[in-house]
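Please look through the sequence and the model shown below before reading on.

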Amino acid sequence: FGGKTYAVVAAGGNNGISVIDISTPSSMTYKGDITDGGTRELKGAHSVAIATIGGTTYAVVTAINDAGIAIIDISTDPTSPSYVGEMEDDANKELGSPNGVAIATIDGKTYAVVVGDDDGIAIIDISTPGSPTYVSEIEDDADKELDYGRDVEVATINGRTYAFVAAYEDDALAGDLVRARADVQSGVHAVARQFDAGHEAR
């Protein structure tokens, strides 16, 4: 953004993120940071995904120790990232100890796809960054490979959006359909799994 290239780094030990200007790779410039401060969902910051919504660039951060995600404006002023929104885990969400996060844009809306130690996938509508909405989830069971999701990537294939999850405890890769039909709120469904074949999926 702003004609420059930035690295956004999750620092679990510092409970926050850092923004670094890497436009000149041989001479990187530290721009700014934001930390938990005891009131934000940044304790144990682990993974970052970038989303541009309404012309503003946001970092979506998983926080392992806070069991939630944080949404941070990093483009309005990279020297002073602005905390915009968050979502915490509860008994009805799959956000316990979240590890990986990826961004999916479906039918003009922006979603965060989150995996972690809750052994499932959570889908969160972040189209309004200051007020994210929990949309849907899929939980692990005997027929799925979602035990301790370590990381997630999103791909659109033949008009459908899939989340591919690396499951640490299952030693497997699971492919899950994020959009079963036109509306992601119709739910998520496990559609494929690939077992470890002599190599640990870690």
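Which residue's side chain does the side chain of Thr161 join in a polar contact of 3.4 Å?

## Basis of the report

This is a predicted model, in which local features need a pLDDT of at least 70 and side-chain atom pairs count only at pLDDT 80 or more, while totals for chains, interfaces and linings use all residues. Residues are numbered from 1 along each chain as its sequence is written, and side-chain values use heavy atoms, with hydrogens and water left out.

## A contact at Thr161

The partner of Thr161 is Thr156, and their side chains are joined by a polar contact of 3.4 Å. A polar contact is a pair of N or O atoms within 3.5 Å; within protein, one must be able to donate a hydrogen and the other to accept it, and residues adjacent in sequence count only if both atoms are side-chain atoms.

Thr161 lies in strand β13, residues 160–167, where strands (E, at least two residues) and helices (H or I, at least four) are DSSP runs numbered from the N terminus. With a relative accessible area of 3%, Thr161 is buried; buried means under 20% relative accessible area, exposed means over 50%, and partly exposed is in between, using a 1.4 Å probe and protein chains only.

## Two salt bridges

The structure holds 2 salt bridges, each being a side-chain nitrogen of Lys or Arg within 4 Å of a carboxyl oxygen of Asp or Glu. In one of them the side chains of Asp21 and Lys4 meet, at 3.7 Å from N to O. This pair links distant parts of the chain, 17 residues apart, since Asp21 belongs to strand β2 (residues 16–21) and Lys4 to the segment before β1 (6–11). Asp21 is buried at 8% relative accessible area, whereas Lys4 is partly exposed at 40%.

Asp90 forms a salt bridge with Lys93, and here the closest N and O atoms are 2.6 Å apart. Asp90 is partly exposed, with 33% relative accessibility, while Lys93, at 17%, counts as buried.

## An open sheet

Four strands, in the order β8-β9-β10-β11, make up an open sheet of 4 strands with antiparallel pairing, where two strands pair if DSSP finds at least two bridges between them. Because β8 (98–106) and β11 (133–139) each have a single partner strand, they stand at the edges, and one side of each is left without a neighbour in the sheet. Neighbouring strands of this sheet are turned by 20° against each other on average, direction ignored.

Strand β8 runs antiparallel to β9 (residues 109–116), and 8 bridges join them. Within this part of the sheet, Ile106 stands opposite Lys109 in β9.

Notes
Axes are lines fitted to C-alpha atoms, for helices over the stretch in contact, and angles run from 0 to 180 degrees between N-to-C directions.
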